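Dear colleague,

Please find the structure below, with its sequence. My notes on the findings follow it.

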Amino acid sequence: MSGPARREVVVTGIGLVSCAGEGIDAHLAALGTGRPARTDTATFAPYTVHPVAPLALDGQIPKKSDQRQMEPWQRLGVYAAGLALDSAGVKDDSAFKGALHLVVACGGGERDTAVDGAILTGLRDAPDPGAYLNERLLNDLRPTLFLAQLSNLLAGNIAIVHGVTGASRTFMGEEPCGVDALRIAAARIASGQVEAMLVGGSYSAERPDVMVVHELGGYLRRADHSPVFSRSGEGESGFILGSAAAFLVLEAEEAAAARGATALARLSSVASDRPRRAPGSVGASLSALWREAGVTRPDAVISGATGVATITAEEGAALSELAPGAPVTALGDVSGHSLEVTGPFGTALATALVARAQAREVAVTVVGHRRGEGVIRVSAA
Amino acid sequence: MAVTGLGLVTSVGQGQADTWAALTAGRSGIRTIGRFATDGLRTRIAGTVDCLDTDPLVAPALSQRFAEVAAEEAVSQSGIGAKGDFPGALFIAVPPVEMEWPQRHALAVASGQAGPITYTDLQRAAASRRFDEWHDLFIFGTVADRIADRFGTRGSPISLSTACSSGATAIQLGVEAIRRGETAAALCIGTDGSVNPESLIRFSLLSALSTQNDTPSAASKPFSKNRDGFVMGEGAAALVLEDAEAARARGAKILGYVLGCGEKGDGFHRTRSSPDGAPIIAAIRAALDDAGTMPGAIDTINAHGTSTPENDKMEAMGCMAVFGERMRDLPISSNKSMIGHTLTAAGAIEAVVSLLTIQHGRIPPTINYALPDPAIPLDVVATTRDMAVSRVLSNSFGFGGQNTCLVLAGEPA
């Protein structure tokens with residue numbers, strides 16, 4: 001990055017929620033097990049999901065009225081954002097939160113599947129389908145459901161529930177947007193445009209509507225969990241969706257020090273690109289980003305690999321050359337695949353490893369199932 | 001921060017020239033919806049862009065098409081790079097994407113299910129592999145991906161939403177990236193083609209839309225006493241932003257400047273502003289500060305002006321707090337009176353109109369301003385006004401506590 005006086009960016013808070021539970025300890029414990037803690041093969045058969053562990057929502061979202069206004073993807077995100085604020089020691093600092101800027105990486109919210117099913121059933125024999133659709137939608141949609149579906153309302157709910165009201169921006173677009181949320185948040189701090197940012201995302205996998213979208217194109221794995229990097233061969237390819245949310249509090253190093261905050265890790269670099277996909281392009285892009293991010297000898301690699309055929313094999317081959325000997329953990333073997341959340345989740349886990357002195361430097365890789373690659377370097381503060 | 005290319009698509013015209021002529025003639029693009037059946041709906045009007053269509057006719061495809069047309073105009077006007085080789089980043093505000101009813105229905109039929117339909121049936125039909133191209137159509141990153149491919153923008157494209165201030169945020173992200181020195185140019189786009197039954201009904205259920213269907217052109221009446229909601233609109237705008245020195249060095253014609261951007265979050269309510277207007281006031285002040293501009297140097301305000309009772313009251317309150325007594329004779333106008341509320345695209349479209357206002361020395365009118373609201377005594381531009389304009393404040397506010405303001409100018413600060 002060019003430009004004047006680049007400031008160091010540190011992570012001062014992380015919030016993690018997934019099938020492994022919540023918080024740093026639960027996720028560090030899950031890292032080495034090789035298999036997500038919770039796997040449900042029955043509810044959404046033939047698809048497997050990694051459901052989120054039960055949460056005591058009241059702990060982060062005290063008002064029931066707020067909980068009711070949200071769908072699960074928003075609750076997960078607001079919950080994880082609260083954990084991150086707690087971890088940074090700013091939960092009760094309304095001045096800090098009032099100036100805190102927010103970047104959220106996410107898609108959209110849940111459908112009302114019962115309403116959709118009933119409408120589709122009725123549409124089949126409706127003499128006037130247009131009029132029927134209008135009538136049913138007008139009568140059956142909950143007015144507030146829209147606000148639980150709108151992408152930017154995760155950020156809106158974080159503002160309402162936690163008082164994070166600097167200003168928010170929501171990035172959309174599957175895996176790459178989570179990396180770009182981190183990249184732009186870090187760049188704004190490094191360049192002095194802002195002092196602190198809350199950045200992260202949330203994904204609820206336990207919803208059949210997203211399975212339709214990802215079955216289209218054949219990206220969903222139709223079998224029980226198997227290790228992400230060994231999903232080769234007929235019928236093995238694809239991702240298993242996992243419910244997860246991750247948020248990080250990023251600050252300028254000197255600002256964090258000035259308020260006496262503990263720097264858990266340094267967010268040393270975030271590199272991303274979107275070359276056109278062609279055979280070999282993923283490996284080449286990862287190698288270029290690896291150099292751009294300045295990764296040298298990481299003690300560990302956290303990979304957001306999807307398990308989708310050929311691109312995951314390309315990533316595996318690239319990593320064996322880039323980081324020979326470093327242990328590679330696939331997030332798909334910890335918490336499942338969570339699209340937009342992959343980058344923030346991997347970065348939060350890397351931060352946890354560094355903060356607990358289990359690694360000096362960790363590289364996080366993200367390869368989008370359709371497009372976009374990213375490499376994030378987290379190192380000891 | 002120089003602007004060297006502009007592109008515009010709205011319900012009143014395709015291209016800057018057509019749109020500008022229509023807007024300054026006070027022509028409305030609001031009409032009775034012909035795209036889908038409106039039986040039983042409380043609102044049956046919108047500012048649809050009917051001169052462009054797609055197959056299938058769904059929001060992401062329309063949004064992509066509008067964005068392509070607007071970006072083509074902007075990039076060509078700027079003369080930057082080469083065809084398909086834009087030397088800078090892409091920031092594009094796109095509406096949230098999801099599968100739409102015609103496709104759900106097609107999957108339901110293809111499933112062969114004769115009993116009650118569930119998502120399991122849709123999944124089974126999806127697994128037939130006959131509909132695989134819908135994956136890309138209905139994921140969030142595709143519109144940006146295709147625009148990036150077509151124009152050859154650099155790096156990872158950013159698809160963003162800040163609800164109804166998204167278009168302004170796309171510009172702000174471009175400005176910030178250029179200021180950081182990451183890129184010398186940015187293609188900033190806001191696009192929205194989401195006039196479809198469910199989108200319309202969602203706003204209708206929140207009582208946000210005008211129901212004055214009988215004379216469509218008269219339904220959107222920002223700042224009027226009898227305003228009763230917004231009218232959905234469609235369109236896109238694109239701006240080529242460049243570091244001013246770099247633009248001058250390559251001999252580009254500079255069309256105007258983005259002097260400043262300001263934003264402020266509001267945690268009061270999901271759809272309503274803080275009653276004291278503090279976040280709106282803070283966003284306007286932040287934009288003025290960023291621009292190094294005193295309130296007295298603003299010549300006119302391109303209002304968010306949605307025509308909802310809530311927005312127009314709060315916007316007026318915010319402007320009065322910042323500009324004081326001067327608000328009584330500081331011209332303010334809302335393009336939404338003619339093109340409706342173009343949602344994700346609005347901030348970008350209105351930034352382009354603001355730059356055209358400066359270029360032409362004409363302020364487009366707020367049509368339908370027949371019955372002023374005495375509670376908000378403003379100098380609403382009811383008929384096209386000729387006057388020299390050097391600096392415009394453009395406001396954008398959105399659900400979820402989003403407030404983004406821009407200061408646009410004819411000359412650098």
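P46(A) lies in the loop of chain A between α1 (23-31) and β3 (49-50), where helices (H or I, at least four residues) and strands (E, at least two) are DSSP runs numbered from the N terminus. The peptide bond that joins A45(A) to P46(A) is cis, with omega about 15 degrees. Chain B has a cis peptide bond from D55(B) to P56(B), with omega near 0 degrees. P56(B) is placed in the loop between β4 (45-46) and α2 of chain B.

Please note that this is a predicted model, in which local features need pLDDT of at least 70 and side-chain atom pairs count only at pLDDT 80 or more, while totals for chains, interfaces and linings use all residues. Residues are numbered from 1 along each chain as its sequence is written, chains are lettered from A and ligands numbered from 1 in the order in which they are written, and side-chain values use heavy atoms, with hydrogens and water left out.

A further backbone feature concerns T310(A), a residue other than glycine with a positive phi, near 65 degrees. T310(A) is found in the loop between β10 (300-303) and α13 (311-322) of chain A.

Both chains have a domain division, with bounds from an automatic or database domain assignment. In chain A, domain 1 covers 9-109 + 150-379 and domain 2 covers 113-145; the centres of these two domains, taken over C-alpha atoms, are 36 Å apart. In chain B, domain 1 covers 2-98 + 138-408 and domain 2 covers 103-135. The contact between them (heavy atoms within 4.5 Å) takes six residues from domain 1 of chain B and four residues from domain 2 of chain B.

Turning to helix packing, axes are lines fitted to C-alpha atoms, for helices over the stretch in contact, and angles run from 0 to 180 degrees between N-to-C directions. Helix α5 (residues 113-123) and helix α6 (residues 129-140) of chain A pack at about 155 degrees, with axes 10 Å apart. α5(A) and α6(A) are therefore roughly antiparallel (angles under 35 degrees count as roughly parallel, over 145 as roughly antiparallel, 65 to 115 as roughly perpendicular and the rest as oblique). The residues that meet include I119(A) and L123(A) from α5(A), and Y132(A) and L137(A) from α6(A). By class, this contact of α5(A) with α6(A) has eight nonpolar, one polar and two charged residues; Ala, Val, Leu, Ile, Met, Phe, Trp, Tyr, Cys and Pro count as nonpolar, Asp, Glu, Lys and Arg as charged, and the others, Gly among them, as polar.

α5(A) also meets chain B: its axis and that of helix α3 (residues 101-110) of chain B come within 10 Å and cross at roughly 70 degrees. That makes α5(A) roughly perpendicular to α3(B). D116(A), I119(A), L120(A) and L123(A) in α5(A) are in contact with W101(B), R104(B), H105(B) and A108(B) in α3(B).

Finally, there are four aromatic pairs over all chains, counting rings of Phe, Tyr and Trp (its six-membered ring) with centres within 6.5 Å; planes under 30 degrees apart count as stacked, over 60 as edge-to-face and the rest as tilted. The ring centres of F203(B) and F230(B) are 5.1 Å apart and the planes lie at 75 degrees, so this pair is edge-to-face. The pair links distant parts of the chain, 27 residues apart: F203(B) is in helix α8 (residues 197-205) of chain B, and F230(B) is in the loop between α8 and β8 (235-242) of chain B.

Yours sincerely
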